[in-house]
Amino acid sequence: MAQGLEVALTDLQSSRNNVRHHTEEITVDHLLVRRGQAFNLTLYFRNRGFQPGLDNIIFVVETGPLPDLALGTRAVFSLARHHSPSPWIAWLETNGATSTEVSLCAPPTAAVGRYLLKIHIDSFQGSVTAYQLGEFILLFNPWCPEDAVYLDSEPQRQEYVMNDYGFIYQGSKNWIRPCPWNYGQFEEKIIDICLKLLDKSLHFQTDPATDCALRGSPVYVSRVVCAMINSNDDNGVLNGNWSENYTDGANPAEWTGSVAILKQWYATGCQPVRYGQCWVFAAVMCTVMRCLGIPTRVITNFDSGHDTDGNLIIDEYYDNTGRILGNKKKDTIWNFHVWNECWMARKDLPPGYGGWQVLDATPQEMSNGVYCCGPASVRAIKDGEVDLNYDTPFVFSMVNADCMSWLVQGGKEQKLHQDTSSVGNFISTKSIQSDERDDITENYKYEEGSLQERQVFLKALQKLKAGRFHSSRRGADLQPSRPTPLSQDSPRRLHTPSLRPSDVVQVSLKFKLLDPPNMGQDICFVLLAFNMSSQFKDLKVNLSAQSLLHDGSPLSPFWQDIAFITLSPKEAKTYPCKISYSQYSQYLSTDKLIRISALGEEKSSPEKILVNKIITLSYPSITINVLGAAVVNQPLSIQVIFSNPLSEQVEDCVLTVEGSGLFKKQQKVFLGVLKPQHRGSIILETVPFKSGQRQIQANMRSNKFKDIKGYRNVYVDFAL
């Protein structure tokens with residue numbers, strides 16, 4: 001008489017499965033698979049072989065603390081039955097004398113997360129034995145056409161899922177610089193940290209059963225992750241800080257990668273890491289989303305609007321010296337702002353609005369009661385469909401709001417100009433499989449100055465008005481605070497240095513730098529004045545300079561001047577200006593931004609002419625040299641060359657170096673004191689442990705500067 005079937009051993013074939021599922025970069029020791037794609041395992045039996053006619057193998061998979069068949073977090077499916085009601089399926093591959101290989105496949109809509117795999121064996125005698133086979137992790141699958149995150153381009157999948165380094169663009173629209181970043185989504189423990197992050201969310205803490213069931217939706221997961229990257233509502237990953245006081249944490253400019261941040265959060269019992277700003281929030285979110293399998297890229301928007309009252313107008317206020325003032329509305333234009341785009345289908349929206357979706361983890365405004373933003377369809381933003389979920393009006397204002405300038409004098413506010421093209425410039429991301437910058441502004445809006453762009457703006461404004469009307473119990477229409485935006489028939493303001501309509505401009509002002517603005521050196525520039533009229537013009541011009549934070553917040557002015565310029569008809573003149581290093585050094589913010597402004601007035605006219613320019617001071621970059629061939633498991637020497645660019649001594653110098661697949665952890669070298677203009681180098685030894693294209697990122701900080709950076713791409717060969 002045949003005995004009941006007993007399992008002696010299970011081989012989850014982790015190494016083989018992980019390679020086929022593009023997860024071998026994470027590990028080959030534990031099973032990590034993607035939904036909608038089969039994976040194999042082998043059952044070894046103790047007493048006899050599997051007999052299909054006599055034995056029935058029933059698989060059970062469970063995820064979350066409260067697995068439930070109705071919610072889809074528990075599934076029961078049989079090897080013998082090909083028409084199981086469960087969306088999970090299993091089939092026989094090979095059957096030997098004492099072993100059986102089977103294939104399992106999760107549906108492409110299954111919840112992602114950590115699963116427990118069990119089997120029940122029902123033998124012909126009616127005996128039932130149960131076995132726990134082990135755990136596996138299920139991820140989103142951009143290689144599966146039925147998955148909501150499917151991306152049909154292999155180069156894009158390699159860039160937006162598999163690439164573990166990149167560039168985040170910073171600076172200003174006139175000086176865009178790439179900041180190297182180590183995403184490190186496949187580094188040790190990062191997948192566990194990402195799953196812990198989901199379990200720490202307010203949604204999971206409130207209703208874990210429903211939260212786990214909803215983890216099959218990339219829309220839902222992306223909103224959860226977006227809220228968890230900041231710590232405004234929960235014990236999220238990062239504390240934001242824009243105060244310039246970072247004594248109890250790290251200056252955001254010092255970070256060069258996400259791995260150290262996520263590991264610190266995890267190691268401290270999920271206490272928020274101090275500190276982050278927009279590019280750090282976006283970079284860490286990119287790491288988490290790529291790790292979970294959702295194609296993600298980091299986006300920088302230069303001259304990014306922050307409209308707090310939803311009227312698509314950014315109000316800026318100036319005093320009579322041209323100095324920009326803070327304002328009670330807190331409307332600002334960020335010099336640059338960084339967010340993410342994630343690729344997913346949007347079945348919750350009308351057809352055509354899937355694809356790239358904006359997600360912004362920087363805590364700016366609340367969305368459904370928590371600090372997160374998105375996913376907002378990029379296509380919907382371009383089309384002005386601001387009534388589509390989620391947070392589309394706010395994102396629209398970041399790239400396409402109008403800017404209103406006001407002169408504040410004697411307690412009164414005088415309108416200077418409405419600019420329709422200053423917000424949203426050079427929207428940038430790293431190119432696919434290249435270190436070049438890709439300008440994607442056209443994805444977000446039609447060309448500035450075109451009829452389509454104005455039509456979309458007015459369409460968005462009308463939708464916002466209608467939405468506010470219907471949401472008000474009294475039916476009050478949304479009235480934008482001073483003044484009403486341009487109507488379709490109004491003359492369009494041209495983007496010129498002068499802040500007056502082009503049809504009445506008689507004098508123009510413009511700043512021009514004479515030399516590249518390098519840190520530690522004097523800033524030399526001229527004010528160009530041009531009289532376009534046929535009359536003499538006497539100008540009084542107030543000039544000022546002040547530091548800015550990258551979010552547009554002004555600091556106190558540190559330089560002022562007054563110029564008296566007389567212009568003959570059609571004459572142009574230059575007024576030379578110089579701001580010495582000693583004048584600006586003690587007032588400079590970490591962002592190294594200086595705003596120079598000029599407010600001119602004619603003696604015979606009440607009209608004012610305002611012009612400004614943002615200067616980004618640059619450092620010499622760190623140079624990294626790889627000494628010899630890079631081979632897996634072979635020692636490698638790396639030379640790092642650094643310098644103190646200042647004409648004064650700097651102290652507390654620390655060099656940090658990291659690189660996924662090259663260093664097991666971030667390297668810190670304490671350099672101490674560097675003399676003025678000192679140049680030095682060190683040699684670091686490491687042993688690469690992953691092959692392929694890699695990147696080394698380096699940063700040097702001191703008591704005078706925080707973010708002198710450098711990078712070097714390295715190709716690591718397999719060991720011979």
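Analyst: Helices (H or I, at least four residues) and strands (E, at least two) are DSSP runs, numbered from the N terminus. The model discussed here is predicted. With those terms, Glu448 is placed in the loop between helix 11 (441-444) and helix 12 (451-471). The chain has 13 helices and 37 strands.

User: What makes the chain as compact as a globular protein of that length?

Analyst: The globule rule gives 27 Å for 720 residues, and the radius of gyration of the chain is 30 Å, which is close to that value; the chain is therefore as compact as a globular protein of that length. Along its principal axes, the C-alpha trace spans about 115 × 70 × 40 Å. Of the 720 residues, 56% count as buried. Among contacts with a separation of 6 or more, 68% are between residues 24 or more positions apart.

User: Is Glu453 buried or exposed, and how do you know?

Analyst: A residue is buried under 20% relative accessible area. Glu453 has 1%, so it is buried. Glu453 lies in helix 12. According to the unreviewed UniProt entry, the annotation "binding site" covers Glu448 and Glu453 together with Asn400 and Asp402. These residues are spread over 54 residues of sequence, but they cluster in space, with a largest C-alpha distance of 11.7 Å.

User: How do you know that the residues annotated "active site" gather at one spot?

Analyst: The unreviewed UniProt entry gives the annotation "active site" to Cys278, His337 and Asp360. They span 83 residues in sequence, yet no two of their C-alpha atoms are more than 9.7 Å apart, so they gather at one spot.

User: Why does His337 count as buried, and what is it in contact with?

Analyst: The relative accessibility of His337 is 0%, and the cut-off for buried is under 20%, so His337 counts as buried. His337 lies in strand 17 (residues 332-344). Leaving aside neighbours within four places in sequence, its contacts include Cys278, Asp360, Thr362 and Met398.

User: Where does Asp360 lie, and why is it called buried?

Analyst: Asp360 lies in the loop between strand 18 (355-359) and strand 19 (376-377). Its relative accessibility is 0%, which is under the 20% cut-off, so Asp360 is called buried. Not counting residues up to four places away in sequence, Asp360 touches several residues, among them Cys226, His337 and Cys372. The side chain of Asp360 also makes a polar contact of 2.9 Å with the side chain of Gln364.

User: How many disulfides does a search of the whole structure find?

Analyst: The search finds 0 disulfides. Cys144, for instance, is in no disulfide: the nearest cysteine sulfur, that of Cys105, is 7.4 Å away. Cys144 is buried, with a relative accessible area of 3%.

User: What is noted about phi of Phe426 and of Asp652?

Analyst: Most residues other than glycine have a negative phi. Phi of Phe426 is near 50°, a positive value in a residue other than glycine. Phi of Asp652 is near 55°, again a positive value in a residue other than glycine. Phe426 is in strand 22 (residues 425-430), and Asp652 lies in strand 33 (residues 650-658).

User: Why is Asp652 called exposed, whereas Phe426 is called partly exposed?

Analyst: Exposed means over 50% relative accessible area. Asp652 has 52%, so it counts as exposed. Phe426 has 36%, which lies between 20% and 50%, so it is partly exposed.

Note on methods
Residues numbered from 1 in each chain as written. Predicted model: local features only at pLDDT ≥ 70, side-chain atom pairs only at ≥ 80, totals over all residues. Heavy atoms only, no water. Disulfide = S-S within 2.5 Å. Buried < 20%, exposed > 50% of the residue type's maximum accessible area, 1.4 Å probe, protein only. UniProt positions renumbered as here; feature names shortened; annotations may be inferred. Contact = heavy atoms within 4.5 Å. Polar contact = N/O pair within 3.5 Å; in protein donor to acceptor, adjacent residues only side chain to side chain. Rg over C-alpha atoms; globule rule 2.2 N^0.38 Å.
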